Amino acid sequence: MNKAIPKIKETAAELREMLKNEPHVKRQNRLQALYLVVTKQAKSRSAVSKMLGFNRNTISDWFLLYETEGLEKLLETHKPSGAPTKITEAAVKEIEEILA
């Protein structure tokens, strides 16, 4: 099924500026997908996926997220909490004092 590409609210100039100022590659890729659609360089999810080198299902997921929850949620990246710290807060303060 060929699902329609969502209506992009941001202009090409806004997206270009966001792309230029975005330091995170994952967010850049997502902005680039929107930019390709706004500038009409890509007319389908498949075209976006070929241009960016991502699976078309990934692009579909991005567009669905953008359509349902907006740009802010699209650019949100998950950062796992990782293992709990093994150094105590007192030890960190002592190290900071020594380094100062």
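Helix H2 is followed by Lys40, a residue with a positive phi, near 60°. In this predicted model, the helix itself comprises 14 residues, 25-38. At 1.5 Å a residue these should span 20 Å, and the separation of the end C-alpha atoms, 20 Å, agrees with that expectation. Seven positions of H2 are listed as buried, namely Arg30, Leu31, Ala33, Leu34, Tyr35, Leu36 and Val37. The partners against which the buried residues of H2 pack are helices H1 (12-21), H3 (45-52), H4 (56-69) and H5 (71-75).

Within helix H3 lies Arg45, which is buried but forms no salt bridge. Glu67 provides the nearest side chain of opposite charge, at 5.2 Å, and the cut-off for a salt bridge is 4 Å. A polar atom of the Arg45 side chain instead lies 2.7 Å from the backbone oxygen of Ala4. With residues up to four places away in sequence left out, Arg45 touches Lys3, Ala4, Ile5 and Pro6, as well as Ile59, Ser60 and Phe63.

The protein as a whole contains six helices and zero strands, in the order α-α-α-α-α-α along the sequence. Its radius of gyration is 19 Å, well over the 13 Å given by the globule rule for 100 residues, and the protein is therefore more spread out than a compact globule. Along the principal axes, the C-alpha atoms fill a box of roughly 60 × 30 × 25 Å. Of the 100 residues, 25% are buried. Among contacts with a separation of 6 or more, 49% join residues 24 or more positions apart.

Conventions. Residues are numbered from 1 along each chain as its sequence is written. This is a predicted model: local features need pLDDT of at least 70, side-chain atom pairs count only at pLDDT 80 or more; totals for chains, interfaces and linings use all residues. Side-chain values use heavy atoms; hydrogens and water are left out. Helices (H or I, at least four residues) and strands (E, at least two) are DSSP runs, numbered from the N terminus. The expected span of a helix is 1.5 Å times one less than its number of residues. Buried means under 20% relative accessible area, exposed over 50%, partly exposed in between (1.4 Å probe, protein chains only). Contact means heavy atoms within 4.5 Å. Lys and Arg count as positive and Asp and Glu as negative; His and the chain ends are not counted. A polar contact is a pair of N or O atoms within 3.5 Å; within protein, one must be able to donate a hydrogen and the other to accept it, and residues adjacent in sequence count only if both atoms are side-chain atoms. The radius of gyration is taken over C-alpha atoms; the globule rule is 2.2 Å times the number of residues to the power 0.38.
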